[in-house]
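Me: I would like to go through this structure with you, one topic at a time. Please keep the answers plain.

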2 protein chains.
Amino acid sequence: METTRIFLDQDEIPRRWYNVAADLPEPLDPPLGPDDKPIGPDALAAIFPASLIEQEMSTDRWIDIPEPVLEKMYLWRPSALGRAVHLERALGTPARIYFKYEGVSPTGSHKSNTATAQAYYNAQAGLKRLTTETGAGQWGSALALACHQFGLECTVYMVRCSYQQKPFRKVMMQIWGAECISSPSDRTNSGRKILAEQPDTSGSLGIAISEAVEDAATHDDANYSLGSVLNHVMLHQTVIGLEAKAAFAKIGVQPDVLIGCAGGGSNFAGLVFPFIPDKLAGRDLRIIAVEPWACPSLTQGRYEYDFGDVVGLTPRLKMYTLGHAFIPPAIHAGGLRYHGMAPLVSKLANLGLIEAQAKHQVGCFEAAMQFAKTEGIIAAPESSHAIRAAIDVALECKATGEPKNILFNLSGHGHFDMTAYQAYLAGELKDIENAVIGV
Amino acid sequence: METTRIFLDQDEIPRRWYNVAADLPEPLDPPLGPDDKPIGPDALAAIFPASLIEQEMSTDRWIDIPEPVLEKMYLWRPSALGRAVHLERALGTPARIYFKYEGVSPTGSHKSNTATAQAYYNAQAGLKRLTTETGAGQWGSALALACHQFGLECTVYMVRCSYQQKPFRKVMMQIWGAECISSPSDRTNSGRKILAEQPDTSGSLGIAISEAVEDAATHDDANYSLGSVLNHVMLHQTVIGLEAKAAFAKIGVQPDVLIGCAGGGSNFAGLVFPFIPDKLAGRDLRIIAVEPWACPSLTQGRYEYDFGDVVGLTPRLKMYTLGHAFIPPAIHAGGLRYHGMAPLVSKLANLGLIEAQAKHQVGCFEAAMQFAKTEGIIAAPESSHAIRAAIDVALECKATGEPKNILFNLSGHGHFDMTAYQAYLAGELKDIENAVIGV
């Protein structure tokens, strides 16, 4: 019988994060301030602690994970490396399909990996409260738990339509003591302005970011926390790929294809960055970022400087972007509805070290259904994009007869996304043909 | 840093189930038919395959797990043995609190352990369809997945109030291709009779069992499947305790106290039965079954023969029972709302080998909240009873200074029970003082 779960012991899990900035063939373009000049650390000090700003700018290859962060991550790490033998058989592919399952965290996704670290560093810096935004609620839940663990208060601005449609994510945040506010709200100038102009708006991530940043910038004891995009977030997620490498080493296997879904880019980065040195050293390794057709920053965006939020409160980052005013269609993969792509992921794409694919929603749900029926796990709509791509590559292998080792990141479970599956089963899901016309 | 998750490799997990019937100090009382005489295997043949009837009556100590069942269980087994160090610290107890987390199965609870086996044996016997009942939906989901895996159709009669209140469990069953019907229904004589008498009934597990049994008994190609109570179900769940023993052996620890919540008794049995030989051999081992105050079969029921369902279609079993007509109050732990206790568990209680405690709902949610805040995991309302008891024992240890090793079964997650947590957080949960007056 095939082994289908490879477990590491806790003393085998990585104790350092890997920083891909150390190995980039050319340096990352710096973030720009309002004067079009590179910002220094001071420009971020109003909303981030010095330790995270240092990580954001660091080019050290390895950064130690503090003991208290490791200890909290031990609540769910290591996650198993799974092998989807039942899916392989159903496809009739000679490929072996591996997956790293991050849905085992208490909050159901990879987001807890960085939430834990960010809460720790902010608590160390003497902050009392963190603010953030959330769309589908995975990130807000993750930060809620992490803040509770390190004694911080947590204020989550949740996109209004999600706040109304996903009350259980709100309950989850409340279990861990966080305050969850429908955005736009009357708490901030940004929110009040939008409410005055568009009282019936369904909200957006860009608006919620503006509110959370303003809240943090205008309160001395509060900082802001972002769940993706920034360099230090990518860094914290590398435990995923490092664990995967250790598990592969244990069974003497090397992956040939790496796949992750990509919205802001953090679960993708977490899986693939630790493999970039292998690729740079000449290993034949295909790396695929999968984004939704409805929000295709890598495949249809421009590589240029843009704001991270709608209002324009953040520094500008060099990234593939659909424009900071772009509001993606309301696909179910709420966590992938972001106009830009992490600068580190964008740089690797621009250098040709990774490739990108855009997938339609219905096909992704078909893939997720096939995965649920063969492997049992009901995936998050975001993760369904990675499953779609993994199945497509496995079917290519079937056509060519190549027994490739495919690894994808199953970034989260879909237990709080059952309305999406309900809509799929009812035949109500539609694909959007031309989301970005005019961008 | 303390190790907080002990993993077995897949080649270390048990390949045999343990049958406690082999080690009982006195034999189990046989099930009785309508003529008050012990039934033979034939009496069960209309709804169960011969292989399961054989297991039901077996006194062999070890029974091999068929390879195809193991292979499906590999989708989530082994489950880690966790240690709740953060909870220990919050309590300030010298006790060590271990837990076996069964919420890692794709269906979110231990129920998949027996669902897989039952679907396999029925498929082997040439059946085309399985029928069952479900309350909260954990069991229905588990059987839905298992039936899909072995090519069987699945018909689930879901208690009407749950069908309406928990639409996401229904979606989950539909993902795996099961038909989920609100009970009472017009599909069966049992259902039609109750609908005619009480058109506005909220339904009950006893009614749903009557419908599922009737459906199976009146269709040649269909069998019935029960998620708890019966001997073969307890048998299939012993993988939990066997894995726990193997994990403890790996770290050189012996548990002093074993705890499981008990409705029909299967997750409790699965955890503790493999430890019964140790207790019989003289080891000082305290074993506690925790039931809801609102449905206290072990602590307030009578040890006598009773039916398994409301209508009286099943053989009568010797068990602690509140009477087969007893309808428990609508507590959130729907999986514990059963009038009787498994005959094997009842026998061990009657022999004094295990003890029982009844816990109030609010106190159980308080314990679950403390667990979620310290260990992250949001437990099922059923499992919260085990957490409550584990915390109570740990606090006793604090008072006495004894560093006992406590192991409880965390039988499932609460991702589909967030309305219960919502009610708790809103202060809307009430305890019932005298659920069984007049029994």
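**Helix packing and selected residues**

Me: What is the hand of the crossing where α4(A) passes α5(A)?
Reply: α4(A) passes α5(A) in a right-handed crossing, meaning that the near helix is turned clockwise from the far one by less than a right angle. Helices here are DSSP runs (H or I, at least four residues) and strands are E runs of at least two, numbered from the N terminus.

Me: What kind of model is this, and how is it numbered?
Reply: This is a predicted model, in which local features need pLDDT of at least 70 and side-chain atom pairs count only at pLDDT 80 or more, while totals for chains, interfaces and linings use all residues. Residues are numbered from 1 along each chain as its sequence is written, chains are lettered from A and ligands numbered from 1 in the order in which they are written, and side-chain values use heavy atoms, without hydrogens and water.

Me: Back to the helices: at what angle do α4 and α5 of chain A pack?
Reply: Helix α4 (residues 111-124) and helix α5 (residues 138-149) of chain A pack at about 40°, with axes 8 Å apart. The pair is therefore oblique, the class left over after roughly parallel (under 35 degrees), roughly antiparallel (over 145) and roughly perpendicular (65 to 115). Axes are lines fitted to C-alpha atoms over the stretch in contact, and angles run from 0 to 180 degrees between N-to-C directions.

Me: Which residues meet there?
Reply: Among them are A:Lys111, A:Thr114 and A:Ala115 in α4(A), and A:Trp139, A:Ala142 and A:Leu143 in α5(A); contact means heavy atoms within 4.5 Å.

Me: New topic: is B:Asp417 buried or exposed?
Reply: B:Asp417 is buried, at 5% relative accessible area; buried means under 20%, exposed over 50% and partly exposed in between (1.4 Å probe, protein chains only). B:Asp417 sits in the loop between β15 (405-410) and α18 (418-425) of chain B.

Me: Which side chain joins that of B:Asp417 in a polar contact?
Reply: The side chain of B:Lys166, at 2.9 Å. A polar contact is a pair of N or O atoms within 3.5 Å; within protein, one must be able to donate a hydrogen and the other to accept it, and residues adjacent in sequence count only if both atoms are side-chain atoms.

Me: And where does A:Ile377 lie?
Reply: A:Ile377 lies in the loop between α16 (361-375) and α17 (381-400) of chain A, and is buried at 7%. Beyond four places in sequence, its contacts include A:Phe99, A:Tyr101 and B:Pro106.
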